[in-house]
2 protein chains.
Amino acid sequence: MSTPKILILGAGYGGLLTTLQLQKKLNYNEADVTLVNKHSYHYLTTWLHEPAAGTSSADRARVYLDEIIDRDKINLVKGTVVSIQPKEQTVTLESGEVLSYDYLVIGLGSEPETFGIEGLKEHAFSIRSINSVRMIREHIEYMFSKSKNEPGRTDYLTFVVGGAGFTGIEFCGELGDRIPELCREFDVDPEQVKVYCIEAAPTALPGFDPELVQYAVEVLEKKGIQFKIGTPIKQCTADGVVLANGEEIKSKTVIWAAGVRGNSIVEKSGFEVVRGRVKVDEYLRAPGYENVFVVGDCALIFNEQGRPYPPTAQIAVQEGETLGDNLVAIVRGELPQKFVPHLQGTLASLGKGEGIGQVGSKKLFGPTAALMKKASDLRYLHKIGGIGLALKKVKL
Amino acid sequence: MSTPKILILGAGYGGLLTTLQLQKKLNYNEADVTLVNKHSYHYLTTWLHEPAAGTSSADRARVYLDEIIDRDKINLVKGTVVSIQPKEQTVTLESGEVLSYDYLVIGLGSEPETFGIEGLKEHAFSIRSINSVRMIREHIEYMFSKSKNEPGRTDYLTFVVGGAGFTGIEFCGELGDRIPELCREFDVDPEQVKVYCIEAAPTALPGFDPELVQYAVEVLEKKGIQFKIGTPIKQCTADGVVLANGEEIKSKTVIWAAGVRGNSIVEKSGFEVVRGRVKVDEYLRAPGYENVFVVGDCALIFNEQGRPYPPTAQIAVQEGETLGDNLVAIVRGELPQKFVPHLQGTLASLGKGEGIGQVGSKKLFGPTAALMKKASDLRYLHKIGGIGLALKKVKL
């Protein structure tokens, strides 16, 4: 019998944790494991709001795969997946290379969900990768520099954040910290800078406890963020946004942070999806395929009340770990376990030393929440790269 | 008899040195001296190629006037001059304020000379102020960040420097040093980056010794700069440049460094000008006015062979010092001296540790020239702000 081939697509939270679990638990030659990733690094999507605003460097938010992957156990392929042929058990890369598998793990992440809003795709930025956040950071700095050369233009110093969900709020927290620095660097009067956080839902941070939401909004308002809640964006143009109420905001910088959908490659490859996400079974299998597993933002799972879990790093990590264990079991002819998420709470940062959180029934505010968030980041880095990586990356 | 009013427009090399000389030599109440400047700082135009490329910070290239001007002796007015009425002996500022004078010093600096080339004014950057170089730096970084989000676009990583004169060459030297850093920061393959230095004249650095020119070109070519000499630019568009030979270069970054003309306010105010520069007499007076003096890039003076001196910081500084002394003499009813420039040599930097220079009949190359240039920068800073300023600003 030949060695089973396990192919993992994507080194995000789900794909990476699957890989690391296999690296840890499989003996040499039990399986032939290949990890395909677009970049030579893994990045911490939940940190990207910091380099996007410029409050930390993009390098801090990434970990080179060579630092954490043992190439004696795992084949690393740098490449971009263009399609999956589940019936042929193959995957095609942009380079033309075709990889075959016995077991496939899809961890291809997400794309911005624009809800069909005109012009967003063309004109808005989104916080989605190391490359995209470096561009956002540079764009913001460029706008500050331009404003000094064309006095009177308000659009250069007006920033629109679309969405007051998790990403939008965390980004606003960082931007609120960053703007005073930029004003000093570029000799800009802080009064000239406007940041609008625009949310279609009737509240910021939908799903969060109202007391925490209120706290978050107050912290951000003190940093100069202006909220427009219950206000859908109708259109985005090269000159700014038009709101459903007819109001126009002139801005050269619209950052869309109002939700994600699964990677479109999954749908294009013939898998059945809801908003790009595959409704997996309790073993994280794609319907109709015993040997195709989906983790992270491409996987759709439901709680006991039949409501979908939001795509979070926390769940992706747990999926990866369970799936890694299950693949080891399958390779050894043992039985896999069902995947059950264990929600350990939610923490949102609101900039330096500020945050909110819900851990069980406990609500956390301010520095306590910020500290808990750091602890959680440390835990994750320790998990993937040991204490050395944790100490190198966490900003204390 | 009332105290004579001396009004100095512009705190560039010429205006600042005039002011400092008056500050040093005039007794209290001998004259009422006012310096009008657009910014609260003086900047070192000859350093601007560094912050433009991003090899040093813009802050290093400026000196706050409050650090060097004694407000007990000099009135500082932050304002933008819009017109001069020499017959009325008044100057109007953008704010609407009107200042009157007995003696006027025009040191309003230069504007880019575009030689009527279509599209340059709209689409090209120029290295002319703290604000403009911060924009160039940010623009370049933004282009690097964008290139990673739209692979295949060559225009983002193609940079065109128009002019291989002093500024163009010095900027290319810095850009050559900066690009490898940017490639590392943004994960860009250095092979993808192109820098073209395009010059209409039949040689780079016209007027320099051919051996020095050759040395400079070789140093810059090693840093990846591609020269197109004897090649006029016909047109600049939002997409790049079109050369006179029909060749098109697609680039989102065209930096025009091929010459300057005097500030257009001078011509608009009715002074007779050649390329915006006033042909002053040997006492630096504007024709027709005994009490209007012109220094720096707005002044046109000729050598013994009847050829105009190029507008340099070196001459502007000497003009300022002589004029300061002359104004003291005039206020005291003494005789002014004629202005005679003393050329102390020319030094051009070619990036870190590299340069060329001509001091008398001596040619300087490489680190020697770079060191001489530092020494000359130190001397200037010492002159305007003492040893403390010199040590604070010079990058060793």
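Reader: Is the crossing of α1(B) past α9(B) left-handed or right-handed, and what makes it so?
Author: α1(B) passes α9(B) in a right-handed crossing. The term applies if the near helix is turned clockwise from the far one by less than a right angle, and left-handed is the word if it is turned anticlockwise. The axes of α1(B), residues 13-25, and α9(B) come within 7 Å and cross at roughly 35°. This is a predicted model, in which local features need pLDDT of at least 70 and side-chain atom pairs count only at pLDDT 80 or more, while totals for chains, interfaces and linings use all residues. Residues are numbered from 1 along each chain as its sequence is written, with chains lettered from A and ligands numbered from 1 in the order in which they are written.

Reader: Which residues of α1(B) and α9(B) meet?
Author: Among them are L16(B), L17(B) and L22(B) in α1(B), and V317(B), L323(B) and L327(B) in α9(B). To meet is to have C-beta atoms, placed from the backbone, within 7 Å. The contact of α1(B) with α9(B) divides into 10 nonpolar, 6 polar and 4 charged residues.

Reader: Why is P311(B) called buried?
Author: P311(B) has 24 other C-beta atoms within 10 Å, and a residue is buried at 20 or more (exposed at 12 or fewer, partly exposed in between). P311(B) is therefore buried. The residue is found in the loop between β23 and α9 of chain B, where P311(B) touches S110(B), V260(B) and D297(B), leaving aside residues up to four places away in sequence.

Reader: How do you know how α5(A) and α5(B) are oriented to each other?
Author: These helices pack at an angle of about 160°, with their axes 8 Å apart. Angles over 145 degrees count as roughly antiparallel (under 35 as roughly parallel, 65 to 115 as roughly perpendicular, the rest as oblique), so α5(A) and α5(B) are roughly antiparallel. α5(A) passes α5(B) in a left-handed crossing.

Reader: What does α5(A) give to the side of chain A that touches chain B?
Author: The contact takes 13 residues from chain A and 13 residues from chain B. Helix α5 of chain A gives the most to its side, with 10 residues. By class, that side has 3 nonpolar, 5 polar and 5 charged residues.

Reader: What makes the relation of the chains that of a two-fold axis?
Author: A rotation of 180° with 0.0 Å of shift along its axis superposes chain A on chain B, with an RMSD of 0.0 Å. That is the relation of a two-fold axis. The same surface serves both copies, as 100% of the contact residues of chain A recur in chain B.

Note on methods:
Contact = placed C-beta atoms within 7 Å. Helix = DSSP H or I, 4+ residues; strand = E, 2+ residues; numbered from the N terminus. Nonpolar A, V, L, I, M, F, W, Y, C, P; charged D, E, K, R; others polar. Axes fitted to C-alpha atoms, helices over the stretch in contact; angles between N-to-C directions. Least-squares fit on C-alpha atoms with pLDDT ≥ 70 in both.
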